[in-house]
Amino acid sequence: YREEYERNNTRVNGPQGGYMKGKRQSTVEPVFGTLTQFMGLRKINTIGLKQANKVMHLAAMAYNLKKYLKFEQKPVKSGAGRLGLMAFVENSFECLFSAFTRHQKLASHL
């Protein structure tokens, strides 16, 4: 497999390989680092690919919601903006957990 090995090395060490590595380090790796180091996602304690996929979707939504809340926090004169944001967050979590429990009920009947 020497030819494939050398071809892969030239591809990875070429200009496009360096660009792709930099792109990955700046977009994907920080998210996984935050999830594992700060949000407690060191292990996925589920059985099966569907369940693991569900855990990753929930983790991604939590990460994005945390980013959104950090971005949207601005001082307001009235509490109306804050109440609207809290209603949005509560509604999002209710939808998430209802879908999650509905899927668990379906999976338990199988």
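**Exercise 1. How much accessible surface does the protein chain have, and what percentage of it belongs to carbon and sulfur atoms?**

Solution. Accessible areas are computed by the Shrake-Rupley method with a 1.4 Å probe. For the protein chain the total comes to about 9800 Å², and 61% of this belongs to carbon and sulfur atoms. Turning to burial (under 20% relative accessible area, 1.4 Å probe), we find that buried residues make up 11% of the 110 residues.

The model is a predicted one, in which local features need pLDDT of at least 70 and side-chain atom pairs count only at pLDDT 80 or more, while totals for chains, interfaces and linings use all residues. Residues are numbered from 1 along each chain, and side-chain values use heavy atoms, with hydrogens and water left out.

**Exercise 2. Find where confidence is lowest and highest in the protein chain.**

Solution. Begin with pLDDT, the predictor's confidence in each residue, from 0 to 100; the chain averages 78, and 75% of the residues score at least 70. Confidence is lowest in helix α5 (residues 80-109), with a mean of 65, and highest in helix α1 (residues 2-12), at 92. Where pLDDT is low, the predicted coordinates should not be read in detail.

**Exercise 3. Describe how helix α2 packs with helix α3.**

Solution. Helix α2 (residues 15-27) and helix α3 (residues 29-37) pack at an angle of about 35°, their axes lying 4 Å apart. In terms of contact (heavy atoms within 4.5 Å), R24, Q25, S26 and T27 of α2 meet E29, P30 and V31 of α3.

Notes. Helix = DSSP H or I, 4+ residues; strand = E, 2+ residues; numbered from the N terminus. Axes fitted to C-alpha atoms, helices over the stretch in contact; angles between N-to-C directions. Buried < 20%, exposed > 50% of the residue type's maximum accessible area, 1.4 Å probe, protein only.
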